[in-house]
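Subject: The structure we talked about

Hi there,

Here is the structure I promised to pass on. Have a look at it first, and my notes follow below.

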Amino acid sequence: MKYLLITLSAVLLAVAGNVSARPFTTGCKWSYAHWDDCHETHSFSLFELDEPYELNGNTYYKLYRTNIDEKGNRGERQYIIGLREKDGIVYASHDEYMEMSESNGFEYDIYGFPYSMADNEIILYDFNLNVGEFIGSPDNEITYFISGIQPVTLENGKEERILDVTARMNQHPSYKPEFLYRNMISGIGSLYGEGLLLHYLDAYIYSPSLPPCETEHFLNAYVEDDRLVYKAPSYTGDPAEEHLSHTTYKDDPFLGGFVTGIKSVTAESNKADEDVFHDLSGRKMTGTLKPGVYIHNRKKIVVK
């Protein structure tokens with residue numbers, strides 16, 4: 001009996017160690033990179049879920065946003081909205097979402113509200129959708145549906161799905177009838193889009209008065225409970241053109257330590273260590289550096 005209890009305890013501990021954090025709860029962090037086409041610069045936004053709170057009988061987690069502009073100036077951490085996840089569906093309070101949307105200039109009176117409703121909540125994401133199924137109402141002037149699904153293995157080894165979102169212009173003959181609009185990844189959220197995590201179905205951008213400069217947004221990195229789960233693909237082209245790429249991983253001012261694996265090293269660095277170099281695995285380098293990529297003062301340095 002004693003042997004059985006010991007064996008059972010070992011099995012339970014092993015299983016517990018392999019259980020990933022529940023998505024859309026405290027400890028989830030998304031870092032989005034923004035590419036300014038006119039100035040050819042990047043800025044960043046961090047979304048992070050923190051403490052829970054109760055509203056209308058549901059438990060939500062407070063979502064905060066922090067921005068860093070193209071010059072490296074860090075803004076204040078601001079509360080945005082509460083989110084909750086259940087059975088692969090992400091919800092937000094309708095009233096809170098509409099108030100937040102209006103304050104940020106998102107208007108849905110032209111093409112219709114793109115998200116589905118459940119009681120007094122909006123369904124922000126439904127990661128259970130399959131090819132051909134609609135996101136939100138199929139009766140709007142612009143509708144969205146899942147047009148393709150590809151499997152993806154995340155940085156933590158978990159298998160998820162990349163869902164292709166296609167837009168259909170139902171009453172706009174001057175536009176292309178259908179086109180691949182966005183991608184999202186199950187359990188995480190939007191990969192690309194003007195509206196980032198919360199407004200990824202942003203039909204309003206089809207207004208005729210588009211700005212002269214376009215801005216591309218993409219998910220740069222995602223972390224759960226201080227573990228890297230996703231990072232954008234690495235750039236493999238001409239290093240001189242790397243800064244022009246707006247879909248590949250950029251040195252992340254928020255979550256970069258999780259990507260390089262030297263988070264603890266950079267956190268403990270001081271002026272005495274300013275001349276220390278580390279490789280991408282976090283190992284301290286000594287002697288003459290061989291050609292390659294290294295970390296120095298929290299930045300990647302290319303040695304030729």
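This is a predicted model: local features need pLDDT of at least 70, side-chain atom pairs count only at pLDDT 80 or more; totals for chains, interfaces and linings use all residues.

Which residue lies over the face of Tyr64? Arg77 does, at 3.8 Å from the ring centre. A charge sits over a ring here if NZ of Lys or CZ of Arg is within 6 Å of the ring centre and within 35 degrees of the ring normal.

Residues are numbered from 1 along each chain as its sequence is written, and side-chain values use heavy atoms, with hydrogens and water left out.

**Aromatic pairs**

The structure holds 16 aromatic pairs (ring centres of Phe, Tyr or Trp, the last by its six-membered ring, within 6.5 Å; planes under 30 degrees apart are stacked, over 60 edge-to-face, the rest tilted). Tyr64 and Tyr79 are edge-to-face, because their planes stand at 70°, with the centres 5.7 Å apart. Tyr64 belongs to strand E3 (residues 58-68) and Tyr79 to strand E4 (residues 78-86), so this pair ties together parts 15 residues apart in sequence. Helices (H or I, at least four residues) and strands (E, at least two) are DSSP runs, numbered from the N terminus. Tyr64 is buried at 11% relative accessibility, whereas Tyr79 is partly exposed at 35% (buried is under 20% relative accessible area, exposed over 50%, partly exposed in between, with a 1.4 Å probe and protein chains only).

Tyr97 and Phe113 are also edge-to-face, 6.2 Å centre to centre with 80° between the planes. Tyr97 lies in helix H2 (residues 94-103) and Phe113 in the loop between H2 and strand E6 (116-118), so the pair links parts 16 residues apart in sequence. Tyr97 is buried, at 0% relative accessibility, and so is Phe113, at 18%.

**The core**

The largest nonpolar core has 61 residues, and Trp30, Leu83, Tyr97 and Leu124 have the most contacts inside it. Such a core is a set of buried Ala, Val, Leu, Ile, Met, Phe, Trp, Tyr and Cys residues joined through side-chain atoms within 4.5 Å. Strand E13 (residues 215-224) gives the most to this core, with five residues.

Happy browsing, and write back with any questions!
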